[in-house]
Amino acid sequence: MNNELIQQCGDELYAAQRNRTTVQPLTSRYSELSIEEAYQISLRLLERRLADGERVIGKKVGLTSKAVQTMLGVDQPDFGYLTDRMAYNQGEEMPIGEQLIQPKAEGEIAFILKKDLMGPGITNADVLAATECVMPCFEVVDSRIENWQIRIQDTVADNASCGLFVLGDRAVSPRQVDLTTCGMVVEKNGVLLSTGAGAAALGSPVNCVTWLANTLGRFGIGLKAGEVILSGSLVPLEPVKPGDFMSVSIGGIGSASVRFI
């Protein structure tokens, strides 16, 4: 795929995001699209968003749990960029009806960094040493690809299907909680929806951040002090609509809740 086509695809996804429309899967039109090319498309999409005044505040790992990989028919993680316009605070209403197309919510553990991490060669010990705190989080993913008919290249190009996210109101040191065994409980509209544990995300959320640092390092991109790193879902994705209320509780860390409008 030449550079002109990469830019064209990035611009198409940018327009879909801004206009709340969907596009045909890129992989259905460009059968030879590689993951490397898909990441170049995602960078073009990010470039357009930054030109619009958005600011990068973190990164996310996607497709970390087997449940989500199976649901979406992919077999490896991916990553995307978080901007300031994606972030909401605990207690704020999240306007998915105005901003998203086909949203799905997932409970996660967010890492807040106090030191830079630049791969390759990053270890789990490096990640823990660089982490200021962990927090409960809801990520609401979205896809600009029709009916979520994605292969790994489609979601990579689409900024890892980023949508919006909300952090809880409590933060703890990553050394004060067992991030592998900590349990997660998700409720929707007051009804128990799903449960999970830290091990659901590549064996541990720490593994996810380590993978992210080393993968980004191959592109010459680092994780930076102060950034929010979403480490991946511990539970299956749940479609949401305006009017829904969801809460997540993570043992030893805290809870987060969000009302969708």
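Helix 1 (residues 3-19) packs against helix 3 (residues 35-51) in this predicted model. Their axes lie 8 Å apart and meet at an angle of about 50°. Helices (H or I, at least four residues) and strands (E, at least two) are DSSP runs, numbered from the N terminus. Axes are lines fitted to C-alpha atoms, for helices over the stretch in contact, and angles run from 0 to 180 degrees between N-to-C directions. The angle therefore makes helix 1 oblique to helix 3 (under 35 degrees is roughly parallel, over 145 roughly antiparallel, 65 to 115 roughly perpendicular, and the rest oblique). The crossing is right-handed, meaning that the near helix is turned clockwise from the far one by less than a right angle.

By class, the contact of helix 1 with helix 3 has 6 nonpolar, 4 polar and 5 charged residues. Here Ala, Val, Leu, Ile, Met, Phe, Trp, Tyr, Cys and Pro count as nonpolar, Asp, Glu, Lys and Arg as charged, and the others, Gly among them, as polar.

An open sheet is formed by 5 strands, in the order 4-13-12-8-9, with mixed pairing. Two strands pair if DSSP finds at least two bridges between them. Strand 4 (93-94) and strand 9 (191-197) are at the edges; each has a single partner strand, so one side of each lacks a neighbour in the sheet. Strand 12 (residues 245-250) pairs with strand 13 (residues 254-260) in the antiparallel sense, over 6 bridges. Ser247 has Ser257 of strand 13 as its bridge partner.

Two loops carry local features. Gly119 and Pro120 are joined by a cis peptide bond, with omega about 0°. Pro120 sits in the loop between strand 5 (104-113) and helix 6 (124-130). Asn147 has a positive phi, near 55°. Asn147 belongs to the loop between strand 6 (131-141) and helix 7 (152-157).

Residues are numbered from 1 along each chain as its sequence is written, and side-chain values use heavy atoms, with hydrogens and water left out. In this predicted model, local features need pLDDT of at least 70 and side-chain atom pairs count only at pLDDT 80 or more, while totals for chains, interfaces and linings use all residues.
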